[in-house]
Amino acid sequence: MLRFVGRRALYAVPLILVVIILMFSMLHLIPGDPVQALVGDYPVPPAYRQAIEEKYRLNDPFLVQVSNYLINVAKGDFGFSYQNQRAVLDLILERAPRTILLASVSFALAIPLGMAIGVAAGTTRSAGTDKFWTTTTLIVYAVPTFWLGQLLVMFFALHLGWLPTQGIGPMVSRAQGFAWLLEKLRYLALPVLAFGIHEGMRVARIMRASVIDTISQGYIITARAKGLTRGQIIRRHVLRNSSLPLVTIAGYAFGSALGGAVFLETVFTWPGLGLLLVDSIRLRDNMMVIGVVIFSALAVVAMNLIVDLLYAALDPRIRTVR
Amino acid sequence: MSDSKATAPAVAGKGIVPGSWQAHFANIVGTRHGALGAGILLVLVVMAITAPLIAPYPPLEQTPVSLAPPSWPFPFGTDNTGRDLFSLILYGSQSSLLVGLGAALAALLVGGTLGILAGYFQGPVEAVLMRLIELFQTLPVIILVLCAVALFGSNFWLLIAAVALAIWPMEARLVYGQYIKLREREFIAAARVADLSTAHIMFREILPNAIQPIIVQVALDASIAILIEAGLGFLGLSDPSRVSWGRLLFVAQDYMDSAWWMSLFPGAAICITVVGLNLFADGLNEIIDPRSTSGMGGLQ
């Protein structure tokens with residue numbers, strides 16, 4: 001088991017290295033002055049220009065520049081965002097927990113929702129019920145999260161006035177304890193609803209296919225022959241065995257959500273990593289862009305690793321293969 | 001979808017040669033999903049082509065009434081600068097369809113070629129392709145496209161290339177899988193014994209047998225491409241010189257409290273297009289494998 005873990009982890013290292021190298025190389029593809037490309041659309045004072053040239057060894061051969069950049073990153077130095085007047089890593093670490101919060105709560109909604117729909121559609125005897133759910137999930141999944149977000153804001157926040165339209169909290173908050181939690185939840189509600197519904201549809205579609213596959217297996221017939229009730233079969237056999245593919249897909253989706261729920265954070269002005277990325281692109285703050293992209297690659301790779309481990313824990317057959 | 005409806009008989013008795021493209025088409029339209037999807041796509045194509053003829057206003061003309069709610073002269077209302085939303089949506093279909101078609105075909109060309117080479121020859125080509133696909137899948141599609149936009153700007157044609165760059169691995173993986181599977185079959189061994197050329201085996205023997213799932217994937221790729229383009233528009237990062245549904249939503253974001261129609265109609269247009277492509281793909285998929293469930297690849 002430990003060897004399996006170690007091998008998977010080792011495998012991830014070159015992948016991350018290549019992403020970092022590629023991102024740094026891309027800076028050189030931007031036409032014009034490399035210092036300007038690093039700083040963005042701001043005037044660069046000569047002293048600062050010299051400091052940057054020295055730090056990134058811009059006058060040295062390309063390979064030296066890349067290895068120098070890698071060493072910096074390894075030390076946790078992702079550069080400095082001139083626009084924000086902050087270290088890139090600082091800002092990423094400040095924003096990341098908010099995105100993690102949003103993604104976690106959304107998936108806590110999406111997974112039970114999707115599993116319920118998937119099991120209902122996959123186990124039903126009525127073709128009509130199945131058809132209803134497959135069509136519904138197909139249509140709802142086609143709704144882009146940014147539009148769903150706008151619709152939710154227009155209805156629940158602007159028309160009914162129940163919930164705030166954007167942000168993560170009021171400018172000034174004196175609420176404490178339980179009231180504080182309630183206040184937070186009011187701001188979380190709409191983004192989570194939009195994200196949860198969207199991801200829930202994805203989960204439902206995978207779950208349905210997986211349930212149908214499981215039901216056709218021999219052990220289900222055995223279970224039925226043993227005289228188990230329908231509910232018992234679904235709970236004990238179908239649910240457990242159909243959840244395996246879900247772990248992979250949901251894990252990957254969660255990983256990419258950590259890398260920035262770009263659209264959702266933009267609709268709701270939720271100051272997480274996604275909004276940071278979009279704002280940095282608009283301001284041409286390339287050092288920040290590279291930082292967020294590297295971070296999101298790390299998130300995806302880490303999530304994939306966790307999925308591999310979960311998989312190995314859930315399905316003993318996998319540990320021996322490869 | 002597990003529609004138990006028989007799929008083949010649509011062809012029977014109409015004097016259509018089985019296996020011909022007419023037969024394929026009749027099959028797709030023969031399923032209810034496929035027919036609906038094909039219908040939606042047809043309407044969209046007609047909309048895009050005839051937009052200059054049927055749109056009541058040129059796309060950039062500003063009428064004196066801004067933020068007018070839907071009414072007879074402006075069926076979908078007007079936006080903040082007084083442009084007719086109905087006309088804008090007609091013109092917007094051009095951008096969406098161009099991006100969908102362009103990016104999906106480019107992805108097919110790149111991914112398909114690499115997939116064929118890797119699947120057929122295996123060895124080092126296969127190893128390199130697999131590593132490349134893994135590398136691409138380390139980053140979410142939207143982040144890849146955003147990177148490209150950040151570096152090279154948001155020119156419309158560059159954008160199509162960027163989207164294609166982000167989605168080709170899906171196509172490559174599928175084509176590769178098909179070729180790996182088919183090259184071991186007896187009829188290919190027979191073709192080798194018959195001393196047919198490699199190119200002949202690759203394109204005349206294997207390709208026709210692999211083509212159906214590939215077409216399904218192209219339709220799904222197109223729907224993903226359209227969603228990405230809409231997303232970039234929504235972030236305000238699409239080509240500002242082109243009318244795009246996503247960009248209309250970007251503007252609508254500032255008028256959500258006063259003009260719901262600015263958000264409702266462009267968003268609905270995006271959804272209908274994506275659903276149309278997916279229904280079409282589903283219908284096609286049903287014919288290939290009646291048990292299967294298709295779905296959009298993950299976007300967000």
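## Ground rules

Residues are numbered from 1 along each chain as its sequence is written, and chains are lettered from A and ligands numbered from 1 in the order in which they are written. The model is predicted, so local features need pLDDT of at least 70 and side-chain atom pairs count only at pLDDT 80 or more, while totals for chains, interfaces and linings use all residues.

## Chain A overall

Chain A has 14 helices and 2 strands. Helices (H or I, at least four residues) and strands (E, at least two) are DSSP runs, numbered from the N terminus. Along the principal axes, the C-alpha atoms of chain A fill a box of roughly 80 × 55 × 40 Å.

Chain A has 322 residues, and 38% of them count as buried. A residue is buried if 20 or more other C-beta atoms lie within 10 Å of its own, exposed if 12 or fewer, and partly exposed in between; C-beta atoms are placed from the backbone. Take the contacts in chain A with a separation of 6 or more: 71% of them join residues 24 or more positions apart. Two residues are in contact if their C-beta atoms, placed from the backbone, lie within 7 Å.

## Two domains

Chain A is assigned domain 1 (2-88) and domain 2 (92-314). Such bounds come from an automatic or database domain assignment. Taken over C-alpha atoms, the domain centres are 32 Å apart. In the contact between them, 22 residues of domain 1 meet 18 residues of domain 2.

On the domain 1 side, helix 1 (2-29), helix 2 (34-39) and strand 1 (80-81) each give two or more residues. Helix 1 has the largest share, 11 residues. By class, this side has 16 nonpolar, 4 polar and 2 charged residues. Here Ala, Val, Leu, Ile, Met, Phe, Trp, Tyr, Cys and Pro count as nonpolar, Asp, Glu, Lys and Arg as charged, and the others, Gly among them, as polar.

## A bent helix

Helix 10 of chain A spans residues 230-258 and bends by about 40° at Val238(A). The bend is the angle between axes fitted to the seven residues ending at a residue and the seven starting there. Val238(A) is buried, and the buried residues of this helix also include Ile234(A), Ser242(A) and Phe254(A). The buried residues of helix 10 pack against helix 5 (88-123), helix 8 (177-215) and helix 13 (286-314) of chain A.

## Where the chains meet

The contact takes 45 residues from chain A and 39 from chain B. On the chain B side, helices 4, 5, 8, 9 and 10 each supply at least two residues. Helix 10 of chain B (260-288) gives the most, with 8 residues. The chain B side divides into 25 nonpolar, 12 polar and 2 charged residues.

Gly231(B) sits in helix 8 of chain B. Gly231(B) counts as buried because it has 27 C-beta neighbours inside 10 Å. Beyond its neighbours within four places in sequence, Gly231(B) is in contact with Pro144(A), Phe146(A), Phe263(A), Ile142(B) and Gly246(B).

## The nonpolar core

The largest nonpolar core has 161 residues. A nonpolar core is a set of buried Ala, Val, Leu, Ile, Met, Phe, Trp, Tyr and Cys residues joined through C-beta atoms within 7 Å. Among the residues with the most contacts inside this core are Val293(A) and Val145(B). Both domains of chain A give residues to the core, so it lies between them.

Val145(B) is in contact with Ala162(B), Val163(B), Ala166(B), Ile228(B) and Leu232(B), leaving aside its neighbours within four places in sequence.
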